[in-house]
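Here is a brief report on a surface patch and on charged pairs. Take a look at the model before reading on.

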Amino acid sequence: MKAFAQKYAIQLALVGVTAVWGGTFVVVKDAVSQYPLYAFLALRFAIAVIAFVVVIPSSVKLMRKETLRAGLLAGAFLTAAYVFQTWGLEDTSASKAAFITGMLVVITPALQAMFLRHPPARTTVVGALLAVAGLWLLSGGGGGGWNVGDTRVLLCALAYSGHMIVLGGVGRGQDVRPFTLVQLATVALVCAVISLATEPIGLPTGASVWVAAVICGVFASAVAFAVQTYAQQHLS
């Protein structure tokens, strides 16, 4: 009974994370129209790292070599996902980006079958197809034709799927606290380096960009990825 209650609580927490992520599409699209892409991602994830360490300071002390290696791998996929998604939002609508990102519910079991030799159950296939149909309807049918922004977001969905497989593979058994911290720090560091090399240097001057960075950094990154990383140690 206790195990069932824990599993149910984890699923509810993931639904909450999904709601938070869904709300960030519009916020991020507005932010990157006012502030450079990589600089925004670097700022967002730097805030996430600071918030995570402040709330869970033990995440630094608990770091191990194997956790660092696994976290860097997961962080690499996560970095690619956020770069392609945020870049894609410059040229596509928030609703289309949300729909295309949601394609990971089909891509993930397909990649598992290809690379891990773990074919999805029939119920998983049916559920994935129903999820895609629901996403299509909720996003307004993804009208407007396919463009370069949509392609970037599709690459984001592929990267997200890789991230989820890493969490469910080498991520299992890792301490969630340092494992999450490494992922967040990887995105912040990579994006900061790219930003310094390719974009004008300077902090945002508009309040809306700071609000977006704080909301996305604390709730959609630090909290959300801690929940997801923990959940994937207990769910498929």
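Val20, Val211, Ile215, Phe219 and Val223 make a nonpolar surface patch of about 400 Å². Patches are made of residues with over 30% relative accessible area and no salt bridge; nonpolar side chains (Val, Leu, Ile, Met, Phe, Trp, Tyr) are joined within 5 Å, like charges within 9 Å. Areas come from the Shrake-Rupley method with a 1.4 Å probe, and for residues only the protein chains shown count as cover.

Helix α10 (residues 207–231) gives the largest share of the patch, four residues. Helices are DSSP runs (H or I, at least four residues), numbered from the N terminus. Val211 lies in helix α10. Its relative accessible area is 45%, so Val211 is partly exposed. Buried means under 20%, exposed over 50%, partly exposed in between.

This is a predicted model: local features need pLDDT of at least 70, side-chain atom pairs count only at pLDDT 80 or more, and totals for chains, interfaces and linings use all residues. Residues are numbered from 1 along each chain as its sequence is written, and side-chain values use heavy atoms, with hydrogens and water left out.

The whole structure holds three salt bridges. Each is a side-chain nitrogen of Lys or Arg within 4 Å of a carboxyl oxygen of Asp or Glu.

| Pair | Closest N and O atoms |
|---|---|
| Arg152 and Asp91 | 2.5 Å |
| Asp150 and Lys96 | 2.7 Å |
| Arg177 and Asp175 | 2.9 Å |

Asp150 lies in helix α8 and Lys96 in helix α5, so this pair ties together parts 54 residues apart in sequence. Asp150 is buried at 0% relative accessibility. Lys96 is buried at 8%.

Methods:
Helices (H or I, at least four residues) and strands (E, at least two) are DSSP runs, numbered from the N terminus. Buried means under 20% relative accessible area, exposed over 50%, partly exposed in between (1.4 Å probe, protein chains only).
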